[in-house]
Amino acid sequence: MHFSLVPAVGALLLAATVTTAAPTEDALVILEDLQRQVETKLHDSETLQARGSGHCTLLNAAVRKDWEHMSKVERKDYIRAVKCLWKLPSVDPDFSAAQNHFDDYVAVHMNQTNFIHGTANFLTWHRYLIWLWEQKLRNQCGYKGYLPYWNWFKYQDDLSKSPVFDGSDTSLGGDGEYFAHNGSVVGAGRIWLPSGKGGGCVKSGPFVKYAPFSLTPPTSLSLASPMTKNERHLTTQLLVGSYTINIGPVQPAMQGYTPVYTDVKKLNPRCQRRDLTMAASMSTFTASNLLNVTVGRASATVGHFQDELQGPYGTLRLHGAGHYSMGGDGSDVFTSLNDPAFYLHHAMIDRIYWIWQVLHPAEANKVNGTITFRNNPPSRVGTVDDLLDMGKLGPSIPIKDVLNTLGGTPLCYIYV
Ligand SMILES: *[C@@H]1O[C@H](CO)[C@@H](O)[C@H](O)[C@H]1NC(C)=O
Ligand SMILES: *[C@@H]1O[C@H](CO)[C@@H](O)[C@H](O)[C@H]1NC(C)=O
Ligand SMILES: *[C@@H]1O[C@H](CO)[C@@H](O)[C@H](O)[C@H]1NC(C)=O
Ligand SMILES: *[C@@H]1O[C@H](CO)[C@@H](O)[C@H](O)[C@H]1NC(C)=O
Ligand SMILES: [Cu+2]
């Protein structure tokens, strides 16, 4: 029963909730109500978040939208720009497995996995990373729009109907080919999610051009290759098409997907794999979980908020559920960026963070936690002066610079 969690949500919402039976609809109605509360607060300039600074105002801020609410032309422009990243050369010679600029994001994230999850910088590191991605798409690939998000609270019961995953040419690809496996083990080994209908190479959508191989990398591109990185870049483009992924997997939750490459220097060209997993989406993208982190008990402090969003030890919550709903490459905490839907999932995480910040101004600019994954190994407490290290993707800037999405230096965006 979640009504006890909703003191901050208006009477209108309660009326709507009471008359709606489906839990899916509840979550959507609640999310819309939260969005209206946030917009009201921002327009009333009640909060620090609303004030912004520099040249950033509500009127000129970028507007990040639900993928479903973007036109087909806008979605195709986004897809075209993502494909463009595959054609740009890698910028970091230290990550020798990265064959192109798409891979650079995977490599930087993989290298820092233990210092950006279950840490004080989790929310801000990922906020800054997806912002850099958005800027790159716009500035180097001519993308006209802004970063879209995947609204988890719709199509939970059939992700293959979601415009993000329906496999059409305006999606980020559909399900994987059938691959017999026994689901995923998540939540520190305590939760088993039965498999969906996929698990193999994504079989439809804009990023399927990975022939001629599917699950086995060609030996001619093996690790000991004497070619230079740029030669390899050209060769992988020629041999395996443009949308091959090259790094990981390191720790996929999906059973039967062998984690072999634990090093950003090891090249592993292959197709991207998915297993749309309703066991994750239906169990976790619920009104109760949404309410808890936005207005419920878990919203009281940044510590509770981020812990509940990521999932206390041994549980599955909103952040994990997005990854495990994708299955395959998206289920790998190190290299989930191999699934292009990663960015839409993390935009939704960031949107929930933004909603929470606007609704909790006294906590919004704080951080909580240490600088190692669940403080293992034990480390110092993180602060807002800690730098967000993006390798060669962009300048390292302090956490405090990205706490406000309307801060103007550099962020200037809202969600609708
Ligand atoms: C599938 O995996 C779960 C969790 O590891 C395990 O409990 C179950 O026995 C497995 N089923 C089969 C058929 O292997
Ligand atoms: C809500 O969050 C609190 C605090 O993080 C947690 O103890 C509680 O179990 C959560 N409630 C539900 C229903 O998940
Ligand atoms: C961080 O948040 C937790 C609750 O999740 C709290 O117990 C702890 O005192 C906080 N730490 C600091 C340094 O604020
Ligand atoms: C990889 O991460 C470590 C630890 O955060 C960092 O010191 C190192 O510079 C990173 N490597 C590259 C090439 O960015
Ligand atoms: Cu991450």
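These legends describe close-up views of a predicted model. Residues are numbered from 1 along each chain as its sequence is written, chains are lettered from A and ligands numbered from 1 in the order in which they are written. In this predicted model, local features need pLDDT of at least 70 and side-chain atom pairs count only at pLDDT 80 or more, while totals for chains, interfaces and linings use all residues; side-chain values use heavy atoms, with hydrogens and water left out.

**View 1. The copper ion (ligand 5) and its histidine donors.** The protein donors are His109 (NE2), His117 (NE2) and His126 (NE2), lying 2.1 Å from the ion. Donors are N, O and S atoms within 2.8 Å of the metal (3.2 Å for Na, K and Ca); water is not among the atoms, so the site may look incomplete. Along the sequence the donor residues follow the spacing H-x7-H-x8-H. His109 sits in helix α5 (residues 101-116) and His126 in helix α6 (residues 122-141), 17 residues apart, so the pair links distant parts of the chain. Helices (H or I, at least four residues) and strands (E, at least two) are DSSP runs, numbered from the N terminus. His109 counts as buried because its relative accessibility is 1%. His126 is buried too, at a relative accessible area of 3%. Buried means under 20% relative accessible area, exposed over 50%, partly exposed in between (1.4 Å probe, protein chains only).

**View 2. Ligand 2 and the residues around it.** The side chain of Asn292 places an N or O atom 2.4 Å from an oxygen atom of ligand 2. For Arg297, a polar side-chain atom lies 3.3 Å from a ligand 2 oxygen. For Glu308, the corresponding distance is 3.4 Å. A polar contact is a pair of N or O atoms within 3.5 Å; within protein, one must be able to donate a hydrogen and the other to accept it, and residues adjacent in sequence count only if both atoms are side-chain atoms. Taken alone, ligand 2 exposes 360 Å², and the protein buries 62% of that. Accessible areas come from the Shrake-Rupley method with a 1.4 Å probe; for residues, only the protein chains shown count as cover. The shell holds one nonpolar, two polar and three charged residues. Ala, Val, Leu, Ile, Met, Phe, Trp, Tyr, Cys and Pro count as nonpolar, Asp, Glu, Lys and Arg as charged, and the others, Gly among them, as polar.

**View 3. Ligand 4 and its shell.** An N or O atom in the Asn111 side chain is 2.2 Å from an oxygen atom of ligand 4. On its own, ligand 4 has 360 Å² of accessible area, of which the protein covers 56%. Its shell has two nonpolar, one polar and two charged residues.

**View 4. Ligand 1 and its shell.** Asn182, Val185, Trp192 and Gln255 lie around ligand 1. A polar side-chain atom of Asn182 is 2.3 Å from a ligand 1 oxygen. Trp192 has a polar side-chain atom 3.5 Å from a ligand 1 oxygen. The Gln255 side chain has an N or O atom 3.5 Å from an oxygen atom of ligand 1. The protein covers 32% of the 360 Å² that ligand 1 has on its own. By class, the shell has two nonpolar, two polar and no charged residues.

**View 5. Aromatic pairs.** The whole structure contains 23 aromatic pairs. The rings of Trp150 and Phe165 are edge-to-face, because their centres are 5.0 Å apart and their planes stand at 90°. Rings of Phe, Tyr and Trp (its six-membered ring) pair if their centres lie within 6.5 Å; planes under 30 degrees apart count as stacked, over 60 as edge-to-face and the rest as tilted. Both Trp150 and Phe165 are buried. Tyr413 and Tyr415 form another edge-to-face pair, 5.6 Å centre to centre with 90° between the planes. Tyr413 and Tyr415 are both buried.

**View 6. Helix α11 and Asp329.** Nine of the nine residues of α11 are buried. Gly327 follows α11 and has a positive phi, near 60°. Asp329 is in the loop between α11 (318-326) and α12. Asp329 is buried, with a relative accessible area of 1%. The side chains of Asp329 and Tyr257 are joined by a polar contact of 2.7 Å.

Note on methods: Near = heavy atom within 4 Å.
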